[in-house]
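Please keep the sequence and the model at hand while reading.

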Amino acid sequence: MNLFDNMLKGEESLFLDLNVLDYDYLPHIIKYRENQQQYIAECIKPLLQNKNGKNLLITGTPGIGKTAATKFVLRELEEKGLSDNMFVIFINCWKKDTTHKVVLEICDKLKYRFTMGKHTDDLIKDIIKLLNKKPVVFVFDEIDKLQDMQILYVLLEDIYKKTVILITNSNYFLANLDNRIRSRLMPEILDFKSYNLAETNGILKQRAEYAFAKNVFDENALKLISNKTFEKKDIRLGLHLLRESGDIAENESSKVITENHCKKAIEKINGISIEDIKENKEIILNLIKENSGKSCNELHEIYSKNGGTQSYRTFSRKVSDFVDQGIISRKELHSGAGKTSIIEYKTKTLDEFD
Ligand SMILES: Nc1ncnc2c1ncn2[C@@H]1O[C@H](COP(=O)(O)OP(=O)(O)OP(=O)(O)O)[C@@H](O)[C@H]1O
Ligand SMILES: [Mg+2]
């Protein structure tokens with residue numbers, strides 16, 4: 001055997017589809033959450049019979065499929081063509097955290113364009129008229145991040161046929177909610193429990209099958225990642241470790257991802273909080289926004305100096321993803337020394353890209 005037999009060539013990659021490891025990627029099936037999906041669907045069903053829907057509060061710790069299961073139900077609704085006769089409005093309150101931003105988002109979803117210079121209260125009147133034309137499913141994800149609950153009160157009070165689904169990590173959300181809103185909401189409660197070890201392994205195995213080339217991820221290596229993910233109870237951590245292990249293996253020009261690569265990936269995350277991992281995408285985008293016009297190398301240097309932990313390879317892949325999504329642009333500049341890629345942020349806001 002030659003010393004270089006096991007080495008990846010320049011253009012070879014262990015990854016088949018890196019997008020599959022994004023946290024907001026929605027898999028074809030969301031295993032182990034069938035009962036919860038059924039429950040969510042039951043709350044919406046009355047709307048299909050032109051009755052008022054049931055409201056629902058979904059609770060549970062981070063990274064256990066609350067958003068994914070809910071989005072899955074909405075996708076089914078759309079795929080069955082059932083959403084044609086209703087409005088389906090999904091709002092992430094981490095991104096839209098005031099009544100005004102939520103109202104603008106609803107206007108946008110309703111394709112209502114006359115928003116310039118209008119006061120929030122006037123816009124609310126406009127959207128209520130529009131929304132009452134069909135039954136509405138509202139999903140407010142990360143509802144605890146919403147700074148004021150005025151919009152909830154208004155929607156509960158003034159929309160006739162609706163299901164309001166609220167998703168939160170906070171166990172105290174309902175207890176802290178204004179009495180007038182709570183008594184109008186009267187939600188069913190659906191509490192998501194974290195996954196057991198076998199389920200964690202099943203989910204990560206499925207993701208790895210889509211994300212990596214065939215037979216590159218060693219079974220025992222995957223188990224290591226599943227154990228760590230099960231310990232931390234957040235699937236996002238597992239997705240991060242899958243990607244990181246793949247990167248480490250590629251950096252070593254290995255054709256397979258071994259237990260050793262996974263151990264190194266796990267070592268790297270010790271000391272980083274899951275919140276840091278979750279917000280990585282936003283962090284990288286903000287960094288590009290603040291340093292528009294710099295090269296990818298320079299951006300990675302700034303990112304690392306500010307405590308960023310992802311390798312240059314992962315970082316530049318993320319940048320390429322953003323280019324593909326049209327969020328940023330890459331220009332080639334020719335100088336005496338050769339070519340440099342300049343990364344520029346486009347004028348649209350971050351919030352337009354969820
Ligand atoms: N049963 C599952 N099958 C496949 N992927 C899953 C499953 N459960 C969770 N995931 C994946 O794990 C990641 C985290 O899930 P999700 O975003 O739904 O978490 P969450 O419970 O909403 O967390 P948070 O409270 O932090 O928002 C996502 O990438 C999601 O696709
Ligand atoms: Mg979520």
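## The sheet

Phe140 has Leu166 of β4 as its bridge partner; here helices (H or I, at least four residues) and strands (E, at least two) are DSSP runs, numbered from the N terminus. The two strands concerned, β3 (residues 136-141) and β4 (residues 162-168), pair in the parallel sense over five bridges, where two strands count as paired if DSSP finds at least two bridges between them.

## Basis of the model

This is a predicted model, in which local features need pLDDT of at least 70 and side-chain atom pairs count only at pLDDT 80 or more, whereas totals for chains, interfaces and linings use all residues. Residues are numbered from 1 along each chain as its sequence is written, and chains are lettered from A and ligands numbered from 1 in the order in which they are written.

## Domains

The protein is divided into domain 1 (34-191), domain 2 (196-275) and domain 3 (282-352), with bounds that come from an automatic or database domain assignment. The centres of domain 1 and domain 2, taken over C-alpha atoms, are separated by 34 Å. Five residues from domain 1 and six residues from domain 2 take part in their contact, two residues being in contact if their C-beta atoms, placed from the backbone, lie within 7 Å. On the side of domain 1 that touches domain 2, two residues are nonpolar, three are polar and none is charged; Ala, Val, Leu, Ile, Met, Phe, Trp, Tyr, Cys and Pro count as nonpolar, Asp, Glu, Lys and Arg as charged, and the others, Gly among them, as polar.

## Helices α9 and α10

Two packed helices are described by the angle between their axes and the distance between the axes. For helix α9 (residues 219-232) and helix α10 (residues 235-251), the axes come within 8 Å and cross at roughly 150°; axes are lines fitted to C-alpha atoms, for helices over the stretch in contact, and angles run from 0 to 180 degrees between N-to-C directions. The helices α9 and α10 are therefore roughly antiparallel to each other, given that angles under 35 degrees count as roughly parallel, over 145 as roughly antiparallel, 65 to 115 as roughly perpendicular and the rest as oblique.

Residues of α9 that meet α10 include Ile225 and Thr229, and those on the α10 side include Leu241 and Leu242. By class, the contact of α9 with α10 has six nonpolar, four polar and two charged residues.

## Helices α14 and α15

The axes of helix α14 (residues 296-305) and helix α15 (residues 312-324) come within 10 Å and cross at roughly 120°, which makes α14 oblique to α15. Cys296, His300 and Tyr303 in α14 meet Tyr312, Phe315, Ser316 and Val319 in α15, and this contact has five nonpolar, two polar and no charged residues.
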